Amino acid sequence: MGDNVTDISKFDGEVICEAPNNRIPRFEGKLTFRGQNFPLDNEKILLRGCRLRNTRWCYGVVLFAGKETKLMMNSGKATFKRTSLDRFLNILIMGIVLFLFAMCLICTLLCGIWESVAGQYFTIYREWDPTIKPSWANTDVQIAIISFLMFFSYIILLNTFVPISLYVSVEILRLIHSIWINFDTEMYYAKNDVSSRARTTTLNEELGQVQYIFSDKTGTLTQNIMTFNKCTINGISYGDLMTDRGEILEITDNTPALDFSFNNWYETTFKFFDKRLLEDTRKGVPEIQEFWRLLAICHTVMPERKTGSQLEYQAQSPDEAALTSAARNFGFVFKSRTPQSITIEVNGREEMYEMLQILDFDNVRKRMSLLVRTRNGKIILYCKGADTMILERIRPDTSPLLKDATMQHLDKFASDGLRTLCLAYKEIDSDYCMDWLSRYKEASMLQGRSKEETLEILNEEIEKDMVLLGATAIEDKLQDGVPATIANLTAANIKVWVLTGDKTETAINIGYSCKLLTEYKEIFVIDGKEDHEVEIQLKDTFRRMGREKTNTPPISMTTQLPSYKIIHDDRPNPLRDDIGLVQPALNMASGGPQSTMIEEESPQGTEGYALVINGDSLAHALKPAYEKMFLEIGCQCSAVICCRVTPLQKAQVVALIKRNKKAVTLSIGDGANDVSMIKEAHIGAKKACKLFSPLTTA
């Protein structure tokens, strides 16, 4: 219909969709228009608060409004927060007021007794005031009236019992303390010229009583700045600087980076140091060409043209932005996207690909695929995702040497604390592809559970027998001072809970990087999808904790292998995940020097427990039937990581601790999805710049 207002005004389609709910990552529905059905999913929905990119205007249909929008249904209730001192002062003042009324009543009774015994006889010398002496009243009524009026006189006389000045003194002290916080030089960030800001005068008195800290991960514990560091292509690892004798050189700030100025679209901020990758790319090695082409095409990034023909990328996640940026600097530039096509530039020549279908990433699939048609009619499926998912779906005749080399490189990248993704592709027959697309469209029209199951079967059908290209390794830099800060908090017996929307494996890897998880902590992972699965896992975890608490014999420790317990996991190798190993410095080679078991008695045993739970499992764990058990398990752990959680679930977790533990809570976040938990906690902190400093928290 384009921008024809007349045609738009005649729109008579019908939308059938799900009822209002708070599930942000999912939407189910269909549009019936002119006898045709069009599937509606989350990719075709604009949530409240979203902004249009690369589009000046669009026509749309409002499905939910007001309190029925997903964002509003994920918002917590605004409550007035009172400090423990405020609550104590309120009770104290109420007690003093009751004491004042009791004293006035006692004095009133004594006054009445005195008037009836002796005071009435003094009227011989001086009459009562006629204004309070009714002509019809006898002596007893007059005494009662005088006693009643004397009650208010005593209130005026004894009002100094109520310490009004106490409130003034406390508020002055609070104001001075908040000013100290605002001018604290240890909390000043010179780079952005930002200092701390106490938004309330009651902040200082609560900070010293914090027992639980709830923190977001991305942008709070980490800088949310991803850098492309290393990769492996066709069994060859790139990214390390090697000497002539094959020794790895350490990369420092003084190490010269490669010169990409030959590329008109290069970025001055991009740095890479291994010249072998650049040389092989310019030589046109086929595997490397496909590697970069996949990174330039298989994503959901949106390009944006700035002034002076400057090209910028807007990505849903910094991971995709880092990978697309790497392909751009090596000569494979993603230039434009439409709903039907993607255009890239390879060494000065434009290549346009018709987009046939996007198989998006989710927490279950752990991979993303893109089905495209080239100009010469060839249909290719590009896929990237978790190594455990990709390696299961490569061709059976893949060279064992290539597969083993890639796995070893993935292990090495993981030991360096990097986030990894595997890449693969396959060519697809045109007739089969058209048949598959028609079946996929029919399945998209279904509703409920049958839709998910049918789509999963179709995805598995096409995402198999792929050609393994290699893997990428990117680094998510931590905020400065995070490990030292968490160590100080742990030493102070403050529990740290990380509530994040990231994948489970990503959060675990960051947990090790920031020392929230260590090799001496027992880690329990709860990832059940159904109610009964979560119940079994919670009971099993609780039983193991109780058994190990009552029976702590000398343990056998391996210097490299952590005590990592996965309660439910169907992956072929539980020590692997889609970003590498959850334990740094783990050598998987059997018989190697690091695989030797070192028997020694640990007088302290483990450093405690850690719990990792995803959003689907958390939804069941927060039900009234299981929340007590979940709370008991979480409170026994020194660290808890909740992954793939919604803003509402973040607030529910904080409320669970507040309601049952009566402990002071602190929530830290940096985005709109953290507002709910910040409002729910006793203290809310918003990160504006560098957040952590060992000196500050010590």
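In this predicted model, the largest nonpolar core comprises 46 residues, and those with the most contacts inside it are Phe228, Leu277 and Trp292. The element that gives the most to this core is helix α8 (residues 286-297), with 7 residues. Nonpolar side chains tend to be buried together in soluble globular proteins. Leaving aside residues up to four places away in sequence, Phe228 touches Phe270, Lys271 and Phe272, then Trp292, then Ala322, Leu323 and Ala326, and finally Thr472, Ala473 and Ile474.

Strand β19 (residues 522-526) is largely enclosed by the rest of the structure, because 5 of its 5 residues are buried. Glu522, Phe524 and Ile526 lie on one side of β19, with Ile523 and Val525 on the other, and both faces are covered. The strand pairs with β23 (residues 609-614) in the parallel sense over 5 bridges, and within that pairing the bridge partner of Phe524 in β23 is Leu611.

The UniProt record, an unreviewed entry, carries an "active site" annotation that covers Asp216, and such annotations may be inferred rather than shown by experiment. In the model, Asp216 is found in the loop between β4 (210-215) and β5 (222-233). Its relative accessibility is 4%, and since buried means under 20%, Asp216 counts as buried. Not counting residues up to four places away in sequence, Asp216 touches Leu221, Leu499, Thr500 and Lys650, together with Ile668, Gly669, Asp670, Asp674 and Met677.

The buried residues of α11 are Leu402, Ala405, Thr406, His409, Leu410, Asp411, Phe413 and Ala414. An α-helix has 3.6 residues a turn, so residues three or four places apart point the same way.

The elements described above are set out below with their residue ranges.

| Element | Residues | Computed feature |
|---|---|---|
| Strand β19 | 522-526 | 5 of 5 residues buried |
| Strand β23 | 609-614 | 5 bridges with β19 |

Over the whole chain there are 21 helices and 26 strands, and buried residues make up 45% of the 698 residues. Of the contacts between residues at least 6 apart in sequence, 69% join residues at least 24 apart. The accessible surface comes to about 37000 Å², and 56% of this belongs to carbon and sulfur atoms.

Methods:
Residues numbered from 1 in each chain as written. Predicted model: local features only at pLDDT ≥ 70, side-chain atom pairs only at ≥ 80, totals over all residues. Heavy atoms only, no water. Core = buried A, V, L, I, M, F, W, Y, C linked by side-chain atoms within 4.5 Å. Buried < 20%, exposed > 50% of the residue type's maximum accessible area, 1.4 Å probe, protein only. Helix = DSSP H or I, 4+ residues; strand = E, 2+ residues; numbered from the N terminus. Contact = heavy atoms within 4.5 Å. Pairing = 2+ DSSP bridges. Areas by Shrake-Rupley, 256 points an atom, 1.4 Å probe, with all protein chains shown as cover.
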